[in-house]
Amino acid sequence: MPKAKEFMSTEVMTIDPDDTAERAIRLMLQHHITGLLVVDAAGQVLGTLSDDDLLDLALDGDSGEREVFRYMTREVRVIDEEDELDRVIEQFRLYPSQPLPVMHGDQLVGIISHGEILEQLNRDASTVAC
C-alpha cells in the first residue's frame, strides 16, 4: 500500500495567522486549492484553514478583512510521511474538510488533500487495469 510520502504534495501553501481572510481566499483561488496551513514565523503549524472554514465569512457578514486566526481550525490533525493510504483515508473520514499536514518527525514536509487521494486512487486503478 502506498505511503503518504509517495503521493503528498510537497508544495505546501501556508499563511500567517495575522493575514486576512481575503488574502487566504485569493491564495486558494489562485492556486486552485481548498485549504492552507496556518504557520507562525518559526514554521510551526498552528492550524488549518479550509474553504469550509471561510464560509463563516458570509454568515458573519465579514468583508474578509479579519485575521485568519479567527477562522482557522486550531486542532491540527497530522499524519506521518510513512502512514499508508488507508490511514490517510481514515483521517479524512473523521475530519473531512481539513487538509492533512504530513510530518517527518517535527518537520513539515508536505500536505494531502482530497485531490492527492483521488490521484493516488486513479493511479492504483490504472495499474490494476494494465
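User: Which residues does Glu81 touch, leaving out those up to four places away in sequence?
Analyst: Glu81 touches Lys3, Ala4, Lys5, Val102, Met103, His104 and Val109. Contact means heavy atoms within 4.5 Å. This is a predicted model, where local features need pLDDT of at least 70 and side-chain atom pairs count only at pLDDT 80 or more, while totals for chains, interfaces and linings use all residues. Residues are numbered from 1 along each chain as its sequence is written, and side-chain values use heavy atoms, with hydrogens and water left out.

User: Where does Glu81 lie?
Analyst: In the loop between strand S4 (79-80) and helix H5 (85-94). Helices (H or I, at least four residues) and strands (E, at least two) are DSSP runs, numbered from the N terminus.

User: What is the nearest side chain of opposite charge to Glu81, and how far away is it?
Analyst: Lys5, 5.4 Å away. Glu81 is buried and has no salt bridge. Buried means under 20% relative accessible area, exposed over 50%, and partly exposed in between (1.4 Å probe, protein chains only). A salt bridge takes a side-chain nitrogen of Lys or Arg within 4 Å of a carboxyl oxygen of Asp or Glu. For charge, Lys and Arg count as positive and Asp and Glu as negative; His and the chain ends are not counted.

User: Which side chain does Glu81 join in a polar contact?
Analyst: That of His104, at 2.3 Å. A polar contact is a pair of N or O atoms within 3.5 Å; within protein, one must be able to donate a hydrogen and the other to accept it, and residues adjacent in sequence count only if both atoms are side-chain atoms.

User: On to H5. Which of its residues are buried?
Analyst: Leu85, Val88, Gln91 and Phe92. They sit on the same side of H5, because they cover an arc of only 125° around the axis. The arc is that of the directions from the helix axis to the C-beta atoms.

User: Which exposed residues are on the face turned away from that buried side?
Analyst: Arg93 and Leu94.

User: How many salt bridges does the count come to?
Analyst: 7. One of them links Arg87 and Asp83, at 3.6 Å, N to O. Arg87 is partly exposed at 33% relative accessible area, whereas Asp83 is buried at 17%.

User: Which residue does Arg23 pair with?
Analyst: Asp19, with the closest N and O atoms 3.1 Å apart in that salt bridge. Arg23 has a relative accessible area of 33% and is partly exposed. Asp19 is partly exposed too, at 21%.

User: And what about Glu22 and Arg26?
Analyst: Their side chains form a salt bridge of 3.8 Å, N to O. They are separated by about one helical turn, because they stand 4 residues apart in helix H2 (residues 21-31). Glu22 is partly exposed at 39%, and Arg26 is partly exposed at 48%.

User: What is the phi of His32?
Analyst: Near 55°, a positive value in a residue other than glycine. His32 lies in the loop between H2 and strand S2 (35-39). At 73% relative accessibility, His32 is exposed.

User: Last topic, the sheet. In what order do its strands run?
Analyst: S1-S2-S3, 3 strands in an open sheet with mixed pairing. The edge strands, S1 (14-15) and S3 (45-50), each pair on one side only. Two strands pair if DSSP finds at least two bridges between them. S2 and S3 are antiparallel over 5 bridges. The partner of Val38 in S3 is Gly47.
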